[in-house]
Amino acid sequence: MKRSVTVVGAGPAGLTLANLIQQSDIDCVVLERASRAHVETRPRAGVLEHRSVTMLESLGLADRLLMEADRHGTCEFRVSGRAFQVSYSDLYGGREHFVYPQQEVVKDLIGGFLDRGGDIRFSVSDVELRDLTSSRPSVAFTSEDGTRETVESDFVAGSDGFHGVSRPSIPEGVLTEFTHHHGIEWLTILAEAPPSTKATIYALHDDGFAGHMLRSPSVSRFYLQVAVGTKASDWSDEQVWEALHKRFALHDSSWTLTEGKIIEKRVLDMRSHVVEPMSYGRLYLMGDAAHIITPVGAKGMNLAMNDAATFGRALIDFYTTGSETGLKTYSEDCLRRVWRAQEFSQWMVNMIHTDVSSPFFGRLAQARLEHLAESPAYRATFAENYVGP
Ligand code: FAD
């Protein structure tokens, strides 16, 4: 099989790229390890920045999103039983967040690509990337029916997430890896509970952070900072609700938390990871394959889509004008945004967590939150970074 571009992985990055280049008549195939049903129902992130939405709109893929997504321009912080809100949209040109679950984004991107005749191979296995420094790299894979196939193309997009095969296909010594374990773990909870709030809540409590994120009218995501080394099974559902009630509690309010059936409970090791450069020969890494960011600040899916848009534009330029400029600057262009998001995410991590072993940092977090509550200049900087530049 011969194609212009082989896209490995059908997450937000790979699918955004596939749609973008398909609409410029660049031939591509998408290889995905999981089944279509799996990727279309896998709950992960849920917040799109306005830039990501504008891009989906330009591809004609935002109709359902614009109809169904909740728009958010305010978030709430709670500290020592008091709450304050930051209207980040008002502080940054009216730009809003769109709350729309990642699996719905994926569903729309798959639907759009297939409707225009796109080729996605789901449930493939043993994906192998070869000859990446040649002008015709190839990707071998076993298709769902067990046939071993090889696709040869001009470029390979490595958009197969952190645990994919693309990054490990790059020889040792080529990439510089930056890794940071934040020394914090979260219990992430998805519950069939209608939201108890109209705005995302970040609560700093002496027992640790608690977060309430919105997903849909009937499902909410919650986060609890837990001791490092905790297993999800260490926490019963009753303990989860008890801790959430306690950490969100307000001194002078009748606010209540609506409980529901817990449908997912996992421990998330809070870490950051970036590789430089984001390309090797004709392989271009995108999204989680190149960088992992903590969910604080809701940047992961947006960065993945930004990489895809940057690579897509570079490919379109290459195929229409022969210019390699965009391909050459791809890594640098993406990394600028990635590092800025990492810096903001780290700043927020420090603001909303308690280090139980070192209460000093808990007090610094309180001071930062008080600064945010009181200073318009501080809030404006937060807004610019939070809603996306
Ligand atoms: P992915 O979405 O990971 O897509 C990669 C695709 O490649 C997958 O479909 C995978 O099946 C496929 N694949 C993997 N290996 C192969 C292979 N060998 N061959 C072919 N295909 C392969 N961000 C937030 O902001 N908030 C959250 O609450 C949040 N929760 C998350 C929960 C989890 C479990 C994870 C993993 C991430 C979460 N994120 C969250 C981050 C966000 O979801 C990611 O940043 C985003 O999915 C990145 O998109 P991507 O396309 O780069 O990678």
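The questions and answers below walk through a predicted model, its ligand shell, its cores and some of its strands.

Residues are numbered from 1 along each chain as its sequence is written. Because the model is predicted, local features need pLDDT of at least 70 and side-chain atom pairs count only at pLDDT 80 or more, while totals for chains, interfaces and linings use all residues.

Student: Which elements give two or more residues to the shell around the ligand?
Tutor: The ligand is surrounded by 28 residues, and the closest are Gly9, Gly11, Gly161, Gly287 and Gly300. Helices are DSSP runs of H or I with at least four residues, strands are runs of E with at least two, and both are numbered from the N terminus. The elements asked for are α1 (12-22) and α8 (300-321).

Student: How many residues of the shell around the ligand are nonpolar, polar and charged?
Tutor: Ala, Val, Leu, Ile, Met, Phe, Trp, Tyr, Cys and Pro count as nonpolar; Asp, Glu, Lys and Arg count as charged; the others, Gly among them, count as polar. By that scheme, the shell splits into 14 nonpolar, nine polar and five charged residues.

Student: Is Ala309 buried or exposed?
Tutor: Ala309 sits in helix α8. A residue is buried if 20 or more other C-beta atoms lie within 10 Å of its own, exposed if 12 or fewer, and partly exposed in between, with C-beta atoms placed from the backbone. Ala309 has 22 other C-beta atoms within 10 Å, so Ala309 is buried.

Student: Which residues does Ala309 touch, not counting residues up to four places away in sequence?
Tutor: Contact means that two C-beta atoms, placed from the backbone, lie within 7 Å. Glu128 is 25 Å from Ala309, C-alpha to C-alpha, and 181 residues apart in sequence. The residues that Ala309 touches are Thr16, Leu20 and Met55.

Student: Which residues is Phe311 in contact with, leaving aside its neighbours within four places in sequence?
Tutor: Phe311 is among the residues with the most contacts inside the largest core. Its partners are Leu17, Ala157, Tyr284, Met286 and Tyr330.

Student: What does α3 pack against through its buried residues?
Tutor: Helix α3 covers residues 50-58, and its buried residues are His50, Ser52, Val53, Met55 and Leu56. After α3 comes Gly60, with a positive phi near 75 degrees. The buried residues of α3 pack against β3 (47-48), α4 (63-68), β7 (97-99) and α8.

Student: Why is one side of β9 and of β11 left without a neighbour in the sheet?
Tutor: Strands pair if DSSP finds at least two bridges between them. Three strands form an open antiparallel sheet in the order β9-β10-β11. β9 (125-130) and β11 (148-152) stand at the edges, so each has a single partner strand.

Student: Which residue of β10 stands opposite Arg130?
Tutor: β9 and β10 (residues 138-142) run antiparallel and are joined by four bridges. The residue opposite Arg130 is Ser138.

Student: How many residues of strand β16 are buried?
Tutor: Ser220, Phe222, Leu224 and Val226 point one way, while Arg221, Tyr223 and Gln225 point the other way, and all are buried. Strand β16 (residues 220-226) is largely enclosed by the rest of the structure, because the buried count is seven of the seven.

Student: What is the bridge partner of Leu214 in β16?
Tutor: β16 pairs antiparallel with β13 (residues 176-192) over seven bridges. β16 also pairs antiparallel with β15 (residues 210-214), over five bridges. β15 and β16 form a hairpin with five residues between them. The partner of Leu214 is Ser220.

Student: What is the bridge partner of Val7 in β2?
Tutor: Val7 lies in strand β1 (residues 5-8). Val7 counts as buried because it has 33 C-beta neighbours inside 10 Å. β1 and β2 (residues 28-31) pair in the parallel sense over four bridges. The partner of Val7 is Val30.

How values were computed:
A residue is near a molecule or strand if its C-beta atom, placed from the backbone, lies within 6 Å of it. A nonpolar core is a set of buried Ala, Val, Leu, Ile, Met, Phe, Trp, Tyr and Cys residues joined through C-beta atoms within 7 Å.
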